[in-house]
Amino acid sequence: MRIATITTLIILALDQALKWAVVVGLNLREVMYIEVLPPYLNLTMAWNRGVNFGLFAADSVWLRVALVALALVVTGWVWFWVRREGARPLMQLALGFLAGGALGNAIDRITWGAVADFLNVTCCGWVNPWAFNVADIAIFIGAFGLILASGDKTPRDDRSGLR
């Protein structure tokens, strides 16, 4: 599980360093919007108090605690599952992305009370109304990677006789 641990720490450090650099260093929490490569890439401050795309957003301490707990429980369960499945290198790498992203967003909820989203990508005449962060990207890559990596194992022996 060394690959998973190292990947988790790298993703977590990258996520937190970029969030601090942009939100605090560039003062995005005050200026709210910075053009980087207009119209394709802009920094847009968005505090996500809910889940994906701000769903179930509420300024509730209990929701924040529940979302942090959920991130920890899911990360722990996936860690256990990958280990039980044989901890192949690709699965460990995907786990590291997922865990690093989930823990990065959990740290935001503890530190700031919400997840700091700031990347806004627009293309081809479509204006994207949502912002995201490095942790969100890592969670997506990790989940997709786990789906792909878990499919290369031979199915367990089916003793029921049904196929």
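Me: Buried means under 20% relative accessible area, exposed over 50%, and partly exposed in between (1.4 Å probe, protein chains only). This is a predicted model, in which local features need pLDDT of at least 70, side-chain atom pairs count only at pLDDT 80 or more, and totals for chains, interfaces and linings use all residues. Residues are numbered from 1 along each chain as its sequence is written, and side-chain values use heavy atoms, leaving out hydrogens and water. What is the relative accessible area of lysine 19?

Reply: Lysine 19 falls in the buried class. Its relative accessible area is 0%.

Me: How far apart are the closest N and O atoms of aspartate 15 and lysine 19?

Reply: Both residues sit in helix α1, 4 residues apart, so about one helical turn separates them. Aspartate 15 is also buried, at 0% relative accessibility. The two form a salt bridge (a side-chain nitrogen of Lys or Arg within 4 Å of a carboxyl oxygen of Asp or Glu). Their closest N and O atoms lie at 2.9 Å.

Me: Which residues make up the network of salt bridges?

Reply: The whole structure holds 3 salt bridges. One of them joins arginine 84, partly exposed at 45%, to glutamate 85, buried at 15%, with N to O at 3.3 Å. The network links Asp15, Lys19 and Asp108.

Me: Which strands stand at the edges of the sheet?

Reply: Helices (H or I, at least four residues) and strands (E, at least two) are DSSP runs, numbered from the N terminus; strands pair if DSSP finds at least two bridges between them. The open sheet of 3 strands is antiparallel, in the order β1-β2-β3. Each edge strand has a single partner, so one of its sides lacks a neighbour in the sheet. The edge strands are β1 (33–37) and β3 (115–121).

Me: At what angle does helix α4 run to β3?

Reply: Strand β2 (41–48) pairs with β3 over 6 bridges. Helix α1 (2–25) lies across both, at about 80° to β3. Helix α4 (89–112) touches β2 and β3 too (contact: heavy atoms within 4.5 Å). Taking angles from 0 to 180 degrees between N-to-C directions of lines fitted to C-alpha atoms, for helices over the stretch in contact, α4 makes with β3 about 125°.
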